[in-house]
Amino acid sequence: MYGWIWRHLPGNAWVKALLSLLLVMAVVYVLFNYVFPWAEPLLPFNDVTVDNQ
Amino acid sequence: MRVVVRSVSELCITVGTVIVLFVVYVLFWTGVKADSVMSDQIDRLQEQWAHGAVRPTGEAAGPAESAPTPGPYETDKPFAIMYIPRLGFTWNKPVLEGTATKTLKKGLGHYAATAQLGQKGNFSVAGHRRTYGDPFKDFPRLRPGDAVVLTDGTTWFTYRIDKGPYKTLPTDIEVIDAVPRKSGYTREGRYLTLTTCDPEWGHSHRLIVWAHLDSTQPVEAGKPEALRR
């Protein structure tokens with residue numbers, strides 16, 4: 001998977017490294033802003049009330 | 001064969017990295033976010049209060065200093081600041097209306113069905129034990145006699161803890177009754193109930209403290225005794 005991405009990135013090794021860094025940052029951004037906020041309420045730390053939820 | 005092995009190992013590494021990132025998110029990032037959101041809420045409240053719009057109740061505009069029953073709180077909006085000296089001299093958190101998950105991310109949540117601040121009945125508030133700024137992390141350190149101070153911009157309300165921390169089950173909704181049966185109170189009064197989860201990282205139980213309204217004073221009279229140091 002990662003090898004495939006590496007081979008398909010354009011430019012020389014430096015450009016590829018930079019582009020992969022950008023890709024990693026984009027993935028982390030999506031995880032922190034969309035995926036984790038959705039997943040976190042499924043954990044038990046939110047149950048602090050006595051009536052419901 | 002090599003392709004399969006390589007793909008599986010890459011997948012494992014990816015999943016592991018995502019899990020580590022998720023732990024970082026839950027333990028660290030929610031706290032960072034919550035701290036900034038909570039201080040935003042407090043800033044907003046203080047700005048509102050500074051502009052004289054003490055309660056955004058809409059219809060009840062005008063000089064209503066003697067109105068004993070204020071209008072309903074706006075869901076998901078802050079309306080008070082809570083101080084608990086036992087949890088730290090700088091410990092202060094906004095109190096918002098409602099106990100929805102998204103509300104509790106921004107501060108403490110007032111059970112919408114319970115009494116309003118300082119009114120007859122049981123003013124009940126829930127807060128996170130862990131994650132989202134850990135507001136009630138030190139909840140078990142609360143002791144009878146401790147002060148819980150709240151302000152709504154016009155009045156300081158000083159509650160004194162009478163009983164707790166009391167461990168109970170999540171289904172025990174009686175603890176936020178107007179006169180909670182297990183609190184030892186026998187007649188109607190102006191009470192306060194705080195709830196959070198127990199154990200620290202679990203959700204099998206709830207921790208409760210009960211307090212009664214000890215004194216009130218207008219904000220012009222300065223900070224109440226319990227907050228002076």
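This is a predicted model: local features need pLDDT of at least 70, side-chain atom pairs count only at pLDDT 80 or more; totals for chains, interfaces and linings use all residues.

Reply: Two residues or elements are in contact when they have heavy atoms within 4.5 Å of each other.

In chain B, helix H1(B) lies across S1, S2 and strand S5 (147-151). The helix runs at about 110° to S1(B). These strands belong to a barrel, which eight strands close in the order S1-S2-S3-S4-S7-S8-S6-S5. The pairing in this barrel is mixed, and from one strand to the next the twist averages 30°.

Strand S2 (residues 92-97) and strand S3 (residues 108-110) of chain B run parallel and are joined by three bridges. Within this pair, Val95(B) faces Leu108(B) of S3(B). Elsewhere the direction is antiparallel: strand S7 (residues 190-198) of chain B pairs with S8(B) in that sense over eight bridges. A hairpin of six residues leads from S7(B) to S8(B), and Leu194(B) has Val209(B) opposite it in S8(B). Strand S8 (residues 205-218) is also joined to strand S6 (residues 155-168) of chain B, by eleven bridges, and these two strands run antiparallel. Here Ile161(B) has Ala211(B) as its bridge partner in S8(B). As a general point, side chains in a regular strand alternate between the two faces of the sheet.

Lys77(B) sits in the loop between H1 and strand S1 (78-83) of chain B. Leaving aside residues up to four places away in sequence, Lys77(B) touches Arg44(B), Val95(B), Leu96(B) and Glu97(B). The C-alpha atoms of Lys77(B) and Gly98(B) are 8.6 Å apart, although 21 residues separate the two along the chain. Lys77(B) is partly exposed, because its relative accessible area of 35% falls between the limits of 20% for buried and 50% for exposed.

Returning to the helix, H1 covers residues 2-50 of chain B and includes Val15(B). Val15(B) has 44% relative accessibility and therefore also counts as partly exposed. This residue contributes to a nonpolar surface patch of about 1000 Å². Among the other members of the patch are Leu11(B), Ile19(B), Phe28(B), Trp29(B) and Trp201(B). Val15(B) can belong to the patch because a patch residue needs over 30% relative accessible area, and Val15(B) has 44%.

Key
Residues are numbered from 1 along each chain as its sequence is written. Chains are lettered from A and ligands numbered from 1 in the order in which they are written. Side-chain values use heavy atoms; hydrogens and water are left out. Patches are made of residues with over 30% relative accessible area and no salt bridge: like charges are joined within 9 Å, nonpolar side chains (Val, Leu, Ile, Met, Phe, Trp, Tyr) within 5 Å. Accessible areas come from the Shrake-Rupley method with a 1.4 Å probe; for residues, only the protein chains shown count as cover. A salt bridge is a side-chain nitrogen of Lys or Arg within 4 Å of a carboxyl oxygen of Asp or Glu. Helices (H or I, at least four residues) and strands (E, at least two) are DSSP runs, numbered from the N terminus. Buried means under 20% relative accessible area, exposed over 50%, partly exposed in between (1.4 Å probe, protein chains only). Two strands pair if DSSP finds at least two bridges between them. Axes are lines fitted to C-alpha atoms, for helices over the stretch in contact, and angles run from 0 to 180 degrees between N-to-C directions.
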